[in-house]
Amino acid sequence: MSVLSEMLRNLFSKPVTTRYPAERVPIPDGFRGRVGCADDRCIGCSKCSLVCPASAITMVDSPRMVEFKGRTLERKKRPSIALYQCIRCGLCERHCPADAIHLRNGQSINGSTLDEVVTCTL
Amino acid sequence: MTDPFLLIAYILLFPGFLFLFAYSMTFEFLDRRIVARMQNRVGPPFFQPFADLVKTLGKEVIDPRGVDRPIFDAAPVVALAAVMTSFLYVPIIGPSPLAFQGDLVLVLYLLTLPTLALMLLGWLSRNIYAAVGGIRAVTMLFIYEVPFFLALMMPTLMAGTWSISDIMAWQEEHLCLAILQPIAFIVALIGLQAKLERTPFDIPEAETEIVAGPWTELTGRRLALMHLANETSAVVGSALIAAVFLGGLAFPWTVESAILSATVGFLLFLAKTVAILLVLSIIRAATARVRLDQLNTIGWKYLTMAALAQVGIVLVMMASGVGI
Amino acid sequence: MTRIVVPIGPQHPALKEPVNFRVVTDGERIVDLELNLSYSHRGIEKAAEQRDFIRVLPLIERVCGICSHSHATVFSKGIEEIMGVEIPPRAQYIRTIIAELERMHSHMLWLGVAAHEVGFNTLFMWTWRDREAVLDTLEELSGNRVHYNMNEIGGVRLDLSPSQVEAALARMPVLEERIRAYVGMVEDEETMLTRFRGVGSLSREEALSFGAVGPTARASGVDYDVRKDDPYLVYDEIPWNVVTDTNGDVYGRTKVRIGEIAESLGIVRHCLENLPGGPIRAEAPKAAPPGEILSRYEAPRGEVAHFIRTNGTARVERVDIRTPTLANWTSVAHCLIGRPLADVPVIVAAIDPCLSCTSRITLVKSGGDLGKDAPPPNGPRGWSR
Ligand code: SF4
Ligand code: SF4
């Protein structure tokens, strides 16, 4: 009988389905989405590219002065992330010493243009 | 209604083929919508069944290798034609102009044809899933048809006529047969559910076992027509049960103008059939698919026994003059 | 009636993953069965040998989509044991929370799939609707719905904030009520019961001799649960019970799984309420000393075992994964013989098979001759590890 009563209850209540374009599911904080790097914080240590399990990160030349732990130092490279390769594992974020690379709410790219490398900034 | 023009209008327009077509689309929509809502889903929009039909009609027809094409093409048409013909004998508003003694038997017979067509399609498909599904469909036919026929024959016993329209008229003078023969009414509803191959009786097309059963190799217009035949049998079946068992539930006041009274009768017909559909939808949503051997037990042990018990009760009632 | 061969799979609506059964039926009754596995071999074990311990975990996690945390945990547990690293209590609790949430969502998923296999789509829709609550919790805690990537050697990747803990606890009463509703539904939904009762029966002795694990074994009265018999994480310090049943059929497995959802809920609640403070990871060395270990873990589907050999580098020399589905296959083949064709989906689904995770078995010819000229097996007895 529990089945019947729940069926009838559902019949007269609003469906739970999220009607997508009109409504959207809230994305929680800390969701691992599109990965991006804050250019003014990255010290170019290459740590992220070493831990990335999908080898999505390559280091490209980008000399610049950055502040790190109260010191100003000159960095040589910054990460360039192939978003279609990224599996959103969050390891780069976890191992970055400068808190520069982050995964944010936005949608990541999962297309198939394999020859295009996306360089992204936060 | 002897005017040939009116008769043709009856057959083709209202409440004939055109109405049947439109109503079966609405019926499918309602069914899917009700079940969806009970499952807490949104369900399809109103035009979805029609859109599906148009889409499948336009799709390519694929012949399985070695299939007997003419029969494969003809079977869905025969099924659809049988169901549509049977609808003409079911009274919608007042008696059917084509009514004759024994049209109940004809309707029941015509409603069996889609199942036979399905079996034929399954057998001809040269596909193992379709063949198994076809065999299951006929096996099932033998199980549910006996109680279903028994249940629908019971009103003839009491009303003393074999014409659906007459049975309906009889109920207006006496009591509604769903009240007089509740067991037969329930058995008929369950039998209809089995005839339409809906859960828990969707054994021939059990998706997780034999893909789509006899439907597996149907494509394009064959699929569309067969589907339409199924949908229209839902309407005809409900209308039949509404006429045979719920005929007495007329509007208690006499309505003056003829048009108005026809409208009221039509609305009553809609209300009855939708109520039957609601019951069928609830059964569909609330059950799991039984196995063929389990259906055998259910069919012969319970349904047929219940129907036979009802026969006994009806005979006793008639002998003692109750309800007549 | 003549015998017909019904091919089920590799593509079939009843199967969510590729596997092939060649079912020989006599009418509707199954008289013989051929099982062909390994359609989706992915070479994960080999790939795992190429990566260091940081980069290997996301890969190991992808052995399975449903029990992703299980594989990652059993692997890191083994490596930590080899390294002699003790992970801090807070990390243990967090791992346990994720593990039990995973068990809940896996069992709810199973309940829906089992209902769908017998055509009871309403229950399917409902369980999957309610499963969203668990998945949302997991998403909030870990940042993803399926691959949580919470583990790392020496602890967990991410800490739980007090607000996250609160939000997760707030979801518990709803889930508790839903679980009660499922218990009611499974007990009194007649048509479903007729499809589950007495189907796929496995006696205690059979379960033991076929080496069944997880809910499949526990439903036959085998009181075996790695969490109790070889405790890891915090299972020996928190209150919980092993759920067993004596029915031995699909109905029993359903009851065990629903019972386990309730138990898991209790564990999650306990862990969230008693989450100890402190660090979330211990400092682990980069390389592991040479060693071998068999790490065991109770995944939602049963015992998963990783055999790991290290050689003093930051990579494993060999990792061999035994998934619970593999342990349960033989019992499925046994259960199917003599049953009607209609029971195939139910019995197969009842062990909650995870086929792609299992695609790594080796064919051993009885003469001990390994090789490509081994004949195709004709029957489940032809398979062994
Ligand atoms: S999230 Fe993972 S896969 Fe993506 S860039 Fe970072 S480390 Fe690489
Ligand atoms: S780890 Fe951080 S600081 Fe180092 S290169 Fe990557 S983004 Fe820059």
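Tutor: The lining of the largest pocket divides into 14 nonpolar, 11 polar and 14 charged residues. Here Asp, Glu, Lys and Arg count as charged, Ala, Val, Leu, Ile, Met, Phe, Trp, Tyr, Cys and Pro as nonpolar, and the others, Gly among them, as polar. This is a predicted model, in which local features need pLDDT of at least 70 and side-chain atom pairs count only at pLDDT 80 or more, while totals for chains, interfaces and linings use all residues. Residues are numbered from 1 along each chain as its sequence is written, chains are lettered from A and ligands numbered from 1 in the order in which they are written, and side-chain values use heavy atoms, leaving out hydrogens and water.

The lining comes to 39 residues, and those nearest the pocket's centre are Glu197(B), Asp202(B), Glu205(B), His227(B) and Arg284(B). A pocket is an open set of points on a 1 Å grid where a 1.4 Å probe fits, with protein on both sides within 12 Å along at least five of seven lines, and lining residues have an atom within 4 Å of a point.

Chain B, then, deserves a look as a whole. Along the principal axes, the C-alpha atoms of chain B fill a box of roughly 60 × 45 × 40 Å. In this chain, 54% of the residues count as buried, meaning under 20% relative accessible area, against over 50% for exposed and in between for partly exposed. Of the chain B contacts with a separation of 6 or more, 81% join residues 24 or more positions apart (a contact being heavy atoms within 4.5 Å).

One residue shows such a link. Trp300(B) sits in helix H13 (residues 292–320) and is partly exposed at 38% relative accessible area. Beyond its neighbours within four places in sequence, Trp300(B) contacts Phe142(B), Ile143(B), Val146(B) and Met305(B). Val146(B) is 154 residues away along the chain, yet the two C-alpha atoms are separated by 8.7 Å.

In chain C, His107(C) belongs to helix H4 (residues 89–117) and counts as buried because its relative accessibility is 1%. Apart from neighbours within four places in sequence, His107(C) touches Pro215(C), Arg257(C), Glu260(C), Ile261(C) and Pro300(C). Glu177(C), in helix H6 (residues 162–188), is partly exposed, with a relative accessible area of 44%.

Chain A has 3 helices and 4 strands, arranged along the sequence as α-β-α-β-β-α-β. Of its 122 residues, 41% count as buried.

Notes:
Buried < 20%, exposed > 50% of the residue type's maximum accessible area, 1.4 Å probe, protein only. Helix = DSSP H or I, 4+ residues; strand = E, 2+ residues; numbered from the N terminus.
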